[in-house]
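Try each one before reading its solution.

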Amino acid sequence: MRFKTSLLKEPKHRELVSCVGWSSADELFSCSEDHQILKWNLLTNETSVVVKLQDDIYPTDLHWFPKAVSGKKQTMAEIFVLTSTDGKFHFVSKTGRIEKSVEAHRGAVLAGRWNYDGTALITAGEDGQIKIWSKSGMLRSTLAQQASPVYSVAWGPDSDRVLYTLGRQLVIKPLQPGSKVMQWKAHDGIILKVDWNSVDDLILSGGEDCRYKVWDSYGRLLYASSPNDYPVTSVAWSPDGEVFAIGSFNTLRLCDKTGWSHALEKPSTGSLFGLVWSADGTQLAGACGNGHVVFAHIVEQRWEWRNFEVTLTKRRTVQVRNVLNDAVDILEFRDRVIKASLAHGHLVVVTSLQCSIYSTKNWNTPLIFDLKEGTVSLIRQAERHFLLADGGGIYVYSYDGRLVSAPKFPGMRTNVLSVQSVSLSNDTIAIRDKSDEKVVFLFDAQTGKAIGDGKPLTHKMEVMEIALDQCGPSSDRKIALIDKNRDLYVAAVRRLGREQTLHKLGTMVHTMAWNDSTNILCGIQDAQFTVWYYPNVVFVDKNLLPKTLYTKDGSEFTRAPHILNYTGGQVTVRRADGSLVYSTVSPYPALLHDYTASARWEDALRLCRFAKDQGLWACLAGMAVNSKELSTAEVAYAAIGEVDKVQYITFIKDQPSKESSLAHMLLFSGHVQECEATLLQAGLVYQAIQIHINLYNWDRALELAVKHKTHVDTVLAHRQKFLQDFGKKETNKRFLQYSEGVEVDWDKIQAKIEMEVSRERERATSSSIRSSVASRR
C-alpha cells in the first residue's frame, strides 16, 4: 500500500496554504495567506477562486460542518468554519459568502473543529483559551485557560471529551464538570498537531521533536516513531481508522494504525501545514508551505484469500492473480474503488456509486447494484451473504445482489463501526454498541430483527473485539469476545429462554479469529499462540477445556501482533513492524469436527486412535457428550483417564427412561436447572428431589418435596444422616418446622424409593411398546 501523489507544475496560491477541507468526495476548498479561497474540482481538474478575503484575515484552520449524522442530512451542511489570526472565526458558505464573524480569542484562533453531530464548535487560541460554541456561534463555555498557546484540538469519539496540546503535553478534558482531567508528557518538543480516531479510539500526535506517536485514550504509548528529518507539522486519521497520514517538510508518510510506515513520499511541497482525508477515505489533500495543494490517493492495497491475491493497481483498476497457475485477470471499474473484501469464494468491490460482486470461479461477469451512499466504511463477509456499513445504515446483501436485511438499534452510528466491533455469520449479526461498550446487539441476519427476547448480550466489562463462529446450525451459534482486561469469553447467541452466561476461555488474549470452515478458535495469548480446538466444550464439560488446547511459543510474532485471518489450516498474523507471519495448525481437529458433524463416530474414533493425541480424545469426548453419543463418549473419556466420568456415563446408560437419561446428561454438563425441569416435565418428581439431595441443595430438595406433597420424609431423613455424619445439629428453620410432624422411617423410605424406580421402569417399557407399535403401523 502506498500513496500516489499529484502536484501542479505551478502553484495556484501565491502564498503559504494554511488549511484545506473537502466539501465532497471530489471537491476541495483551500485557504492561503494570499487571502484567497480556491475551489478544486477533481473530476474536471478545474480550479476557481471562491472569494478573496479581507486583507486582515489570514486563515489558520478550516473545517466543514458534518454532512450527515446517522443517515440524516444536516441543514448547515454547506457551511464551513474558518479561523483566522485576527482572533475571529467565520462561518463561510460554499459560495464564499461570510455568513457570520465572531470575536473569539485575543490573538490568533489557531484551531476550530465541529463535533461529530454538528451540535458544537470548539476553538483554541494563541491566548491559551479553549472555548465551546453553539452551531449558531454563541459562546457556551470556556473549557480551559492555559498559559501557553494551544496549537491543535480534537474531539473524542463520542464528542464528550476534548484533546488539546499544551506545549510538550497532551491533555484530555471531559466536558462533564468535575470529571478527571488526564494530562501527560507526550513529546520532547512542542506538539504541533493532534488527531483522535473515532473508530478505534486512538490518538495521534506530532511535534517539533520530529516524531509522531500513537496513544490509546488512557494516555498509554502504543507506538513512537524514530526521529524524522524535520518537525511533524500535520497528522490525520483516515475515516475508517485503519491508516493515518503524517506531513512534514517535503515529506508525506502513510502509516498503519499500529504506527509502522506503509510508504514514504517526498513531494516538493515545503512544510505540510494541514492534511485532510476525503469522506470515503480514498484521497488525501495537503496544504503546502510553497503555495501548492498536494493530492494523494491510495494504491497497491492487497487482499488475499486461499490461492487468490487481489491488488488495487490504479484508482479504478484491480488485478486478480491466482498463485496456483499464475493466471491474471484485470478488473476495470467506472468509478474509483473505495473498499474491497475477499473471502468465502467472493470478491466484493465498492466504488463511489456501485457495488460489484465477483465469484472466484468467474471473474468476467460480476453482479452489480447501485448504492444509496458513496461512503461505505466497512465490508464484512460470511459464506452466504455480506454486510455493508455506510453513512445511512447497515445492510446485508446476498451474493446475488439481493438486499436481505437492514438491522437498526437505538443510537446507531455507522461511521464508527470497525472489523473489531461488527461480526457476521450465515444467520447472525453482532454489533458492539458504541455508546455502551459493554453491550453487544445480536440480530437475525435474514430478518434484521433482534434475536430471542430482544435483549442484547451484556458483559461486565467494556468489550474490545467480537467474533461469531462461521459453521454449524444457527441454534449452536457462538460469539467470542475480548474485553478490556484482555480476557477471552464465549457465549451462546440463541439462549432459548436460558439465562445468559459467558464462559472464560483464556486471559491476556491480544487478538483472535475463528476458522472460516470449522468452529476452531485461535488467538495470541500473552506470549503464546493458542488454538482452542473445541471452544464449545465449556458448555459441555468445563474440565476438558485445558486438554483441548494447543499452544506454542509466540515469540516470532513480537509485540502487539494482529491475526488477519484463519483460513483452512493456516493463520495469517501481522506483526508490529507490518510483516506477515504464517502459522499452520494440525488438520486433525478439523477432520474430527467434520466426522462428528456428520455423525461418523466410528471414523472419529479411528482418527483419534491413529493420531494418538490426548487433545483429540478430549475434543471427541466433549463432542460425543454434546451429541448424546454415550458409547463414543465412554471410549473417549477412558482414553484420557477420566474414570469417574466413564462410571457416570455407564450409570446414565442404565437409566430406565429416556427422560431420566437426558436429565442426567444435562446434569453431567452442569445444567442443574434444565435437569430438574426435564424430570418434573416427565413427572419424575422423586428423581428431581434425589438429584438435589445428591448435590446437597437441601433447601431446593425440601421445596420440591413440599410443593409436590411427596417424599418430605425422604429429604428429612437424608438431611439428618448428613448432619449426624458431621456431628452437627439442625439450625435451618424450615427443616426444624417440617421435622416436628414427620417421623423418619428408613424402611418405609426405602420401599417408596423402590416403588418409584419400578414405576419408572414400567412407564419406560409401556412407552417403548407404544412407539414400536406406532412404527409398525
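**Exercise 1.** Work out how helix 7 and helix 8 run relative to each other.

*Solution.* Helix 7 and helix 8 are roughly antiparallel to each other, because an angle over 145 degrees counts as roughly antiparallel. Step one is the geometry: helix 7 (residues 672-681) and helix 8 (residues 685-694) pack at an angle of about 160°, their axes 7 Å apart. Angles run from 0 to 180 degrees between N-to-C directions, and axes are lines fitted to C-alpha atoms, for helices over the stretch in contact. Helices here are DSSP runs of H or I with at least four residues, strands are E runs of at least two, and both are numbered from the N terminus.

Before going on, note that this is a predicted model, where local features need pLDDT of at least 70, side-chain atom pairs count only at pLDDT 80 or more, and totals for chains, interfaces and linings use all residues. Residues are numbered from 1 along each chain as its sequence is written, and side-chain values use heavy atoms, leaving out hydrogens and water.

**Exercise 2.** Which residue of strand 19 is the bridge partner of Gln169?

*Solution.* Start with the pair: strand 18 (residues 169-174) and strand 19 run antiparallel and are joined by four bridges. Within strand 19, Gln169 has Lys185 as its bridge partner.

Notes: Pairing = 2+ DSSP bridges. Parallel < 35°, antiparallel > 145°, perpendicular 65-115°, else oblique.
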